[in-house]
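The following paragraphs lead through a two-chain model, starting with confidence and then moving through each chain to the contact between them.

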Amino acid sequence: MLELQDVVAAYGRTEVLHGVSLTVPAGGATAVVGHNGAGKTSLLRAAVGLLPLRSGRVLLDGEDVSRLRPHQRVRRGIGYVPQGQQSFGQMTTLENLQLVARRDRAAIDEVLDTFPALRDLLGRRAGLLSGGQRQQLSIARTLLTRPRMLILDEPTEGIQPNVVAEIERVVADLTRRGDLSVLLVEQHVGFALRATQEYHVLAAGRVVAHGSTGDHAAADVRAVMAV
Amino acid sequence: MEVFVSQVFTGLSAGAVLLLIAVGLTLTFGQMGVINMAHGEFLMAGAYTAYVVNLVVGDAGLGLLVALPVGFLVGGLLGVVLEASVIRWMYHRPLDTLLVTYGVGLVLQQVARDVFGAPAKDVPSPSWLSGSVPVLGYDFPMARLFLLLLSVACLLAVLALLRRTALGRQVRATVENRDLAETVGISTRRTDRITFFLGSGLAGIAGVALTLLGSTGPTIGASYIVEAFLVVVVGGIGQLKGTVIAAFSIGVLQAFLEYATSGSIAKVVVFLAIVVFLQVRPQGIFAVRTRSLA
């Protein structure tokens, strides 16, 4: 489904990814974990086209999308929920959704069923929503792009605990849908391993461990990350 | 009282011209961070369009009505050509774009000089815009009233486009967060080009409108561009309501100062007032308010 092959990327002269390879199978869910500064967000930005590749390839269903711009990758089926609960703060919640759904009210109703808390906030400016509400809006807006491959960058980061559970539930449901592949970056290792079938540990821009999220995965990951 | 009202009205109509130019700049400067010094030359192109259309049509009234949409198209197309040929290679290099577009402006001025000659050209005003109309007991020149209404109509059209259409939402999204806009499927390059067309087209309309107030020369745009940028900065970059308030405030302030002193002194005082204002409020009248940094 999504395949990153020997991805090398840099900010200016500073190389941050040194040949990272990973595969997210069709309908599967893969987690990427690692400490701050390991290159997790850079890896996702490279996958969606926000960070140009120095070398390597990004394949979606076998098609090389490395040279496509981010909006073209979105149209091919890559959905991206960026880090930091990003929304268009000057626009209302409804306008944020209409940006993608246009006049398709049924599609908007569908994502509002997933995030019912947003129903009462449709007329409120997104910049005035709480962090948790903005994150729900961010995921809802991304789902409206009808992704086949969903990429989530720390969806529970910096969110009040009562909303974290809600977001974890939605992310876990999405990974179990079967028609959606998920690449999840998450600081919260326990949640990341519960919600996915495979994991990769990233350190200093390299994959240092990977495996299946079985019974001993959490201990294995923590052991690698403690080094 | 009569002097007060007439100066307010003169100031509002001067502000209306500034507004037409500045709305276009707000879109391009606010969205793309491009300091386009050639924006004034799109205004000049609009003014010469009015001159040419008038020659072709031969009727001042019909000529004006035809020149407004044609001026919009000419200004808009010039903007798109500039964006596609020069500016798109220089995003994120504001000082370079400032220098390059200043150079492009000089070239366009020289082209106008070569094509139309150095002497200023007069475009006859339609008969239905001559004379004055009584408003609140005072006589106001029809041409200035038309300018004011045209400016408000263009502003409302831009607002409707930005607030009510899918294209408008895409423009606002791109202004606010370019990367995020790309990741929800918006082609920001296409949006940039459309925005440049709109902004430059509005300058073209302003150029057509200016022919109602005076003659047209190659440097007509250059004389407005600095003030128009000041309107954008004072209003708050990318903030349309701030642009409206700033344009009319500067127009009215200048009208009163010109009445009390002279044109040159009025300009100096207005510039000084803006410098002081920006010291106190560098973000302009309005700034983006949000709970997030996004």
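The predictor gives the complex an ipTM of 0.91 and a pTM of 0.84.

This is a predicted model, in which local features need pLDDT of at least 70 and side-chain atom pairs count only at pLDDT 80 or more, while totals for chains, interfaces and linings use all residues. Residues are numbered from 1 along each chain as its sequence is written, and chains are lettered from A and ligands numbered from 1 in the order in which they are written.

Chain B has eleven helices and two strands, in the sequence pattern α-α-α-α-β-β-α-α-α-α-α-α-α. The radius of gyration of chain B, taken over C-alpha atoms, is 19 Å, close to the 19 Å that the globule rule gives for 294 residues, so chain B is as compact as a globular protein of that length; the rule is 2.2 Å times the number of residues to the power 0.38. Along the principal axes, the C-alpha atoms of chain B fill a box of roughly 55 × 45 × 35 Å. Of the contacts in chain B with a separation of 6 or more, 78% are between residues 24 or more positions apart. Buried residues make up 50% of the 294 residues in chain B; a residue is buried if 20 or more other C-beta atoms lie within 10 Å of its own, exposed if 12 or fewer, and partly exposed in between, with C-beta atoms placed from the backbone.

Chain A contains an open sheet of four strands in the order S2-S1-S4-S5, with antiparallel pairing; two strands pair if DSSP finds at least two bridges between them. The edge strands are S2 and S5 (63–64) of chain A, each pairing on one side only. Strand S1 (residues 2–11) of chain A is joined to S2 (residues 14–24) of chain A by eight bridges, one of them between A:Ala10 and A:Glu15. These two strands form a hairpin with two residues between them, and A:Gly12 in the turn has a positive phi of about 65 degrees. Six bridges join S1(A) to S4 (residues 53–60) of chain A, where A:Leu4 has A:Val58 as its bridge partner.

Helix H3 (residues 93–101) of chain A has seven of its nine residues buried, so this helix is largely enclosed by the rest of the structure. Among the buried residues are A:Thr93, A:Asn96 and A:Leu97. The buried residues of H3(A) pack against H4 (105–114) and H5 (131–143) of chain A, together with H6 (166–176) of chain B. Just after H3(A), A:Arg102 takes a positive phi of about 55 degrees.

The contact between the chains takes 27 residues from chain A and 20 residues from chain B. On the side of chain A that touches chain B, H2 (70–76), H3 and H5 of chain A each supply at least two residues. By class, that side of chain A has eleven nonpolar, ten polar and six charged residues; Ala, Val, Leu, Ile, Met, Phe, Trp, Tyr, Cys and Pro count as nonpolar, Asp, Glu, Lys and Arg as charged, and the others, Gly among them, as polar.

How values were computed:
Two residues are in contact if their C-beta atoms, placed from the backbone, lie within 7 Å.
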